[in-house]
Amino acid sequence: LSRPFSEKEKVDVYVKCAEAFLEDDASVDAETFVNKASPLINAVDDNGLQLRYKVAYARVMDANRKFLDAAARYYELSNITTSNIVPEELLE
């Protein structure tokens with residue numbers, strides 16, 4: 001029997017897919033999954049997952065040559081001072 005997935009589980013899968021496509025230089029496919037995660041990300045309270053989403057979004061903008069949007073996202077990421085993010089988790 002299948003069960004309904006939570007927003008967090010959906011976002012996690014979408015972000016993982018986007019990250020995988022970005023690693024394969026498939027920015028169009030990555031953008032598809034970032035866009036699927038976009039309406040759900042605000043319902044997620046996991047800071048690490050939100051950070052991974054923001055990084056994936058910035059990388060998609062960069063890969064699609066939307067440099068001004070990408071720069072704004074990278075700048076936003078550089079100003080994050082959340083102390084409960086473990087650096088080792090960012091490498092997963």
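Helices H1 (residues 7–23) and H2 (residues 27–37) have axes that come within 8 Å and cross at roughly 160°. For the axes, think of lines fitted to C-alpha atoms, for helices over the stretch in contact, with angles running from 0 to 180 degrees between N-to-C directions. This is a predicted model, so local features need pLDDT of at least 70 and side-chain atom pairs count only at pLDDT 80 or more, while totals for chains, interfaces and linings use all residues. Residues are numbered from 1 along each chain as its sequence is written, and side-chain values use heavy atoms, with hydrogens and water left out.

**H1 against H2**
- H1 and H2 are therefore roughly antiparallel to each other (the label for angles over 145 degrees; under 35 is roughly parallel, 65 to 115 roughly perpendicular and the rest oblique).
- Their crossing is left-handed, which is to say that the near helix is turned anticlockwise from the far one by less than a right angle.
- On the H1 side, the contact (heavy atoms within 4.5 Å) is made by Val11, Tyr14, Cys17, Ala18, Phe21 and Leu22.
- H2 brings Asp29, Ala30, Phe33, Val34, Lys36 and Ala37 to that contact.
- Sorted by class, the H1–H2 contact has ten nonpolar residues, two charged and no polar ones (nonpolar is Ala, Val, Leu, Ile, Met, Phe, Trp, Tyr, Cys and Pro; charged is Asp, Glu, Lys and Arg; polar is the others, Gly among them).

**H1 against H3**
- The axes of H1 and H3 come within 10 Å, crossing at roughly 35°.
- This crossing is left-handed too.
- H1 residues in the contact include Lys8, Asp12, Lys16 and Glu19, and H3 residues include Arg52, Tyr53, Arg59 and Val60.

- Leaving aside residues up to four places away in sequence, Val60 touches Leu22, Ser27, Ala30, Glu31 and Val34.

**Whole protein**
- There are four helices and zero strands, with helices (H or I, at least four residues) and strands (E, at least two) taken as DSSP runs numbered from the N terminus.
- Buried residues (under 20% relative accessible area, 1.4 Å probe, protein chains only) make up 28% of the 92 residues.
- Among contacts with a separation of 6 or more, 55% come from residues 24 or more positions apart.

Notes
Buried < 20%, exposed > 50% of the residue type's maximum accessible area, 1.4 Å probe, protein only.
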